[in-house]
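Thanks for coming. I have one structure to go through today, so please look at it while I talk.

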Amino acid sequence: MEHTVDETIACRKSHHPESVKKDLSTRLNRIEGQIRGIKGMIEKDVYCDDVITQLAATQSALNSVAKILLEGHLKGCVVDRLSEGDDAVIDELVVTIHKLMKK
């Protein structure tokens with residue numbers, strides 16, 4: 001039975017070890033707290049430069065999460081798909097890297 005691209009994408013899942021998922025969850029919880037803090041700073045009319053500094057720290061934290069996910073994706077999903085002969089993963093990876101580099 002042939003699957004459509006949407007069905008294939010919908011069934012794919014990552015397979016991160018529990019330790020990585022826990023680390024990512026902890027990092028994302030911290031980022032969520034930073035975002036709430038920034039919102040509070042804006043509501044309290046905190047000096048713009050201080051808010052921007054917190055935004056930069058939050059962006060850096062998000063980039064760290066993306067780097068962890070990208071490394072796992074390269075070492076796991078991409079390697080697996082290439083070994084199965086699925087060269088389309090390279091095009092997908094290029095698009096993903098372009099998305100990460102947009103600012």
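Arg81, Asp86 and Glu92 are joined in a network of salt bridges. This is a predicted model, so I will come to its confidence values later.

The side chain of arginine 81 meets that of aspartate 86 in a salt bridge, at 2.9 Å from N to O. Arginine 81 also forms a salt bridge with glutamate 92, and there the closest N and O atoms are 3.1 Å apart.

Aspartate 86 is partly exposed, with a relative accessible area of 25%. Glutamate 92 counts as partly exposed, also with a value of 25%.

How many salt bridges does a search of the whole structure find? The search finds six. One that I want to show lies in helix α2, residues 18-43. Aspartate 23 forms a salt bridge with arginine 27, with 3.0 Å between the closest N and O atoms. These two are separated by about one helical turn, because they are four residues apart in α2. Aspartate 23 is partly exposed, at a relative accessible area of 32%, and arginine 27 is partly exposed as well, at 26%.

Next, the loop between α2 and α3, where aspartate 45 is found. Aspartate 45 has a positive phi of about 55°, although it is not a glycine. With a relative accessibility of 69%, aspartate 45 counts as exposed.

Now the largest pocket. It holds about 340 Å³ of space. Of the 14 residues that line the largest pocket, the closest to its centre are Arg12, Lys13, Ser14, Cys77 and Arg81. Arg81 is the residue from the salt bridge network. Which element gives the most to the lining of this pocket? That is α3, with six residues.

On the surface, Leu82, Ile90 and Val94 form a nonpolar patch. Together they have about 210 Å² of accessible area. Leucine 82 is found in helix α3, which covers residues 48-83. Its relative accessible area is 34%, so leucine 82 is partly exposed.

Last, confidence. The protein chain has an average pLDDT of 89, and 88% of the residues score at least 70. Where in the chain is confidence lowest, and where is it highest? The lowest is helix α1, residues 5-11, with a mean of 48. The highest is α2, with 97. Where pLDDT is low, the predicted coordinates should not be read in detail.

Key
Residues are numbered from 1 along each chain as its sequence is written. This is a predicted model: local features need pLDDT of at least 70, side-chain atom pairs count only at pLDDT 80 or more; totals for chains, interfaces and linings use all residues. Side-chain values use heavy atoms; hydrogens and water are left out. Patches are made of residues with over 30% relative accessible area and no salt bridge: like charges are joined within 9 Å, nonpolar side chains (Val, Leu, Ile, Met, Phe, Trp, Tyr) within 5 Å. Accessible areas come from the Shrake-Rupley method with a 1.4 Å probe; for residues, only the protein chains shown count as cover. A salt bridge is a side-chain nitrogen of Lys or Arg within 4 Å of a carboxyl oxygen of Asp or Glu. Buried means under 20% relative accessible area, exposed over 50%, partly exposed in between (1.4 Å probe, protein chains only). pLDDT is the predictor's confidence in each residue, from 0 to 100. On a 1 Å grid over the protein atoms alone, a cavity is a set of points where a 1.4 Å probe fits but cannot get out, and a pocket is an open set with protein on both sides within 12 Å along at least five of seven lines; lining residues have an atom within 4 Å of a point. Grid points are joined across faces, edges and corners, and a volume is the space filled by probe spheres set on the points.
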